[in-house]
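Subject: Structure for your review

Dear colleague,

Please find below the structure that I am handing over to you. My notes on it follow.

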Amino acid sequence: IAGGAGVALSFVYKNEGNFIRLRDTRGVYAPRDVIDTFNGATQTITVQTLTSGVGSPLYTVVNRDDLDQSFKSVVFEFNKRFSDRVQANSSYTWQSSRAFGSGSVTGSTQQDFSNLAPTTGYGRDPNDTLNAFGPTATNAEHAVKLSATYQAPWGVHVGGRYSYESGRPYGRQIIVRNMGAGQGDVTILAEQRGTYSLPAVNDFQIRVDKDVKAGGDRRLRLSVDFLNILNSDTVLTLRNNSSQVTATTPWQQSLSVVRPRTVQVGVRFEF
């Protein structure tokens with residue numbers, strides 16, 4: 001495109017499976033119905049209870065053909081090379097990342113569960129995969145990024161960056177007490193992962209900097225960064241285990257939020 005501008009369109013598709021994970025190849029499990037009451041609604045969930053007793057499970061490292069994941073993404077980019085004192089970049093991304101996961105608010109896919117320890121490895125308990133397939137915890141379906149730099153008079157540079165990400169999904173967990181001997185309490189997903197989503201994230205930043213010559217090849221770079229200008233208090237992590245709800249720890253209680261509006265002053269000496 002004239003004026004040093006260009007556009008690009010890309011597509012990514014991945015489909016993976018047959019992961020190396022644990023499987024209990026000796027324990028015997030039987031179905032058990034548990035009642036889940038949440039927000040005035042009641043449902044029956046069928047879990048698998050260890051009936052063969054303590055010491056019966058044998059956790060073997062195997063290729064699991066019941067675990068898979070896929071990733072699809074379309075990215076549209078527009079870029080303007082530096083000319084007429086301005087440089088700009090922008091992109092829109094659509095993605096669909098689906099896999100098995102624990103339902104936590106953070107983390108990405110079941111690939112994170114590469115730990116093969118028999119006490120913690122993902123998939124060791126058949127209840128790990130209950131309601132566990134869905135959009136991954138890092139799947140922001142829509143994302144927009146805009147950035148630009150302007151070379152102002154007197155050697156001052158002004159840069160701006162805006163990013164938007166749609167809310168990332170998570171699951172509602174519950175704790176099932178007193179499962180089979182040797183199984184103990186088990187945390188499961190009470191609803192399909194992706195039923196709930198965090199709020200969308202909006203972030204706007206501005207940077208102003210200027211280089212000051214300090215003799216020879218030496219120079220000082222003075223900068224001021226204005227971070228989270230919109231002062232968004234978007235929730236990043238929250239309490240998503242409804243079995244732990246009390247008067248002081250409510251469901252979806254915020255545990256961390258985006259850092260507040262911040263001004264950062266910097267001085268860098270280059271030689």
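**Strand pairing**

Strand 13 and strand 14 run antiparallel and are joined by eight bridges. Strands here are DSSP runs (E, at least two residues), numbered from the N terminus, and two strands pair if DSSP finds at least two bridges between them. The model is a predicted one, in which local features need pLDDT of at least 70 and side-chain atom pairs count only at pLDDT 80 or more, while totals for chains, interfaces and linings use all residues. Residues are numbered from 1 along each chain as its sequence is written, and side-chain values use heavy atoms, with hydrogens and water left out.

Five residues separate strand 13 from strand 14 in a hairpin, and Gly215 in the turn has a positive phi of about 95 degrees. Across this pair, Arg207 stands opposite Asp225 in strand 14. Strand 13 (residues 201-213) also pairs with strand 8 (residues 156-165), in the antiparallel sense and over ten bridges; there, Val208 in strand 13 is the bridge partner of Val158.

Ser223 lies in strand 14 (residues 219-227). Ser223 counts as buried because its relative accessibility is 8%; buried means under 20% relative accessible area, exposed over 50%, and partly exposed in between (1.4 Å probe, protein chains only). Leaving out residues up to four places away in sequence, Ser223 touches Arg207, Val208, Asp209, Gln264, Val265 and Gly266, where contact means heavy atoms within 4.5 Å.

Phe204 belongs to strand 13 and is partly exposed, with a relative accessible area of 27%. Phe204 and Tyr162 are 42 residues apart in sequence, yet their C-alpha atoms are 4.4 Å apart in space. Beyond four places in sequence, the contacts of Phe204 include Arg161, Tyr162, Phe226 and Leu227.

**Salt bridges**

The structure holds 14 salt bridges, each being a side-chain nitrogen of Lys or Arg within 4 Å of a carboxyl oxygen of Asp or Glu. One of them links Arg64 and Asp66, with the closest N and O atoms 2.8 Å apart. Arg64 counts as buried at 4% relative accessibility, whereas Asp66 counts as partly exposed at 31%. Another joins the side chains of Arg168 and Glu165 (3.1 Å, N to O).

In the salt bridge between Arg207 and Asp209, the closest N and O atoms are 3.3 Å apart. Arg207 is partly exposed, with a relative accessible area of 32%, and Asp209 is buried at 13% relative accessibility. Salt bridges that share partners also join Asp211, Arg219, Arg221, Arg268 and Glu270 into one network.

**Nonpolar cores**

The largest nonpolar core has nine residues: Val34, Ile45, Val47, Ile174, Val176, Met179, Val186, Ile188 and Ala190. Such a core is a set of buried Ala, Val, Leu, Ile, Met, Phe, Trp, Tyr and Cys residues joined through side-chain atoms within 4.5 Å. Strand 3 (41-50), strand 10 (173-176) and strand 11 (186-189) are the elements that give two or more residues to this core. Apart from this core lies another, of eight residues, among them Phe38, Val105, Val235 and Leu238. Within the largest core, Val47 has contacts that include Val34, Val176, Met179 and Ile188.

Key: Helix = DSSP H or I, 4+ residues; strand = E, 2+ residues; numbered from the N terminus.
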